[in-house]
Amino acid sequence: MTYFQDDSREAEMIALFDLFKDAHEGRAGVDAFLALDGQRIPFELKTTSNGSVTTVRDFGLDHIEKWQDKHWLIGFFVRGEVYYQYGSPAMMQGWIAEKAAYIAPDFKLAGLSANNLSLDDLYQVLGQKTHYSLADAQLIQKRQYAQQKYRALQDMADGYSPERMLDILRDRVRYLVERGSTLNNPHVPESYFATWEKITENHAVKLRQQVREALRSKEDTNSTWKPRSPRF
């Protein structure tokens, strides 16, 4: 399926379920919102033509953080049938928690690797100096930092102390290891949605009914599942 088809079908879903987009979110932000009883409910929109649902490239702890409170709406265009299924954050909890457990050791290794770097390691990379320049910092972090952040991190006149440059080096190593620890577009299998109710008519009304039920259930159980993104 092409990105054009995905975008077109998501636009149809937004209209069909009476959702709305926030122009400030951008392409990488929240796909759509549901206005319900004075609340703005964030939604992740997905479509599939083969049953399983693709997610994102480089799936990592940031996506776990992003999705923990998201509601999901999935359009199925499979085997000549068209239907939609709604998943609350609690309904997606099992799959997200499974992926979080899978990548957790690698992200812990990233933190351990970065924290064990010493000034001797810094000196091997950039040479031993009492004052490091902006160019030195950019040689380490490339474009991962905005210019504003480079300036904000300076703890010496027009530059960085060895200790501050070591922090920047550690941050770079953490980023590199974490980047290699992400999952490449993990799929949610069709079997995961087997017991979810299909929405085939009265789409906007049924979605609101299901969301209200999910919100009431969350209040009743006082759910505390919050897989925040740890930085080991």
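Predicted model: local features only at pLDDT ≥ 70, side-chain atom pairs only at ≥ 80, totals over all residues.
User: How many helices and strands does the protein have?
Analyst: The protein has 8 helices and 5 strands, where helices (H or I, at least four residues) and strands (E, at least two) are DSSP runs numbered from the N terminus. Read along the sequence, they follow the pattern α-β-β-α-β-β-α-α-α-α-α-β-α.

User: And what is its radius of gyration, next to that of a compact globule?
Analyst: The protein has a radius of gyration of 22 Å, whereas a compact globule of 232 residues would have one near 17 Å; the radius is taken over C-alpha atoms, and the globule rule is 2.2 Å times the number of residues to the power 0.38. Along the principal axes, the C-alpha trace spans about 70 × 40 × 35 Å.

User: Which share of the residues counts as buried?
Analyst: Of the 232 residues, 42% count as buried, with buried meaning under 20% relative accessible area, exposed over 50%, and partly exposed in between (1.4 Å probe, protein chains only).

User: Switching to helices, how do α4 and α7 cross?
Analyst: The axes of α4 (residues 119-126) and α7 (residues 162-181) come within 10 Å and cross at roughly 80 degrees, the axes being lines fitted to C-alpha atoms, for helices over the stretch in contact, with angles from 0 to 180 degrees between N-to-C directions. The two helices are therefore roughly perpendicular to each other, since angles under 35 degrees count as roughly parallel, over 145 as roughly antiparallel, 65 to 115 as roughly perpendicular and the rest as oblique.

User: Which residues meet there?
Analyst: Leu 119, Asp 121, Leu 122, Tyr 123 and Leu 126 in α4 meet Pro 162, Glu 163, Met 165, Leu 166 and Leu 169 in α7, a contact meaning heavy atoms within 4.5 Å. These residues divide into 8 nonpolar, no polar and 2 charged.

User: What else does α7 hold, say Val 177?
Analyst: Val 177 has its place in α7 and is partly exposed, with a relative accessible area of 29%. Leaving aside residues up to four places away in sequence, Val 177 touches Asp 106 and Ala 110, and its C-alpha atom is separated by 7.5 Å from that of Phe 107, 70 residues apart along the chain.

User: How far apart in space are Gln 148 and Lys 218?
Analyst: Gln 148 and Lys 218 are 70 residues apart in sequence and 41 Å apart in space, C-alpha to C-alpha. Gln 148 lies in helix α6 (residues 147-153) and is exposed, at 68% relative accessible area.

User: Is Arg 208 buried or exposed, and what does its side chain reach?
Analyst: Arg 208, found in helix α8 (residues 203-221), counts as buried because its relative accessibility is 15%. Its side chain reaches the backbone oxygen of Phe 17 at 3.0 Å, and the backbone oxygen of Asp 18 lies 2.9 Å from a polar atom of that side chain.

User: And where is Ser 161?
Analyst: Ser 161 is found in the loop between α6 and α7 and counts as buried at 9% relative accessibility.

Key: Residues numbered from 1 in each chain as written. Heavy atoms only, no water. Nonpolar A, V, L, I, M, F, W, Y, C, P; charged D, E, K, R; others polar. Polar contact = N/O pair within 3.5 Å; in protein donor to acceptor, adjacent residues only side chain to side chain.
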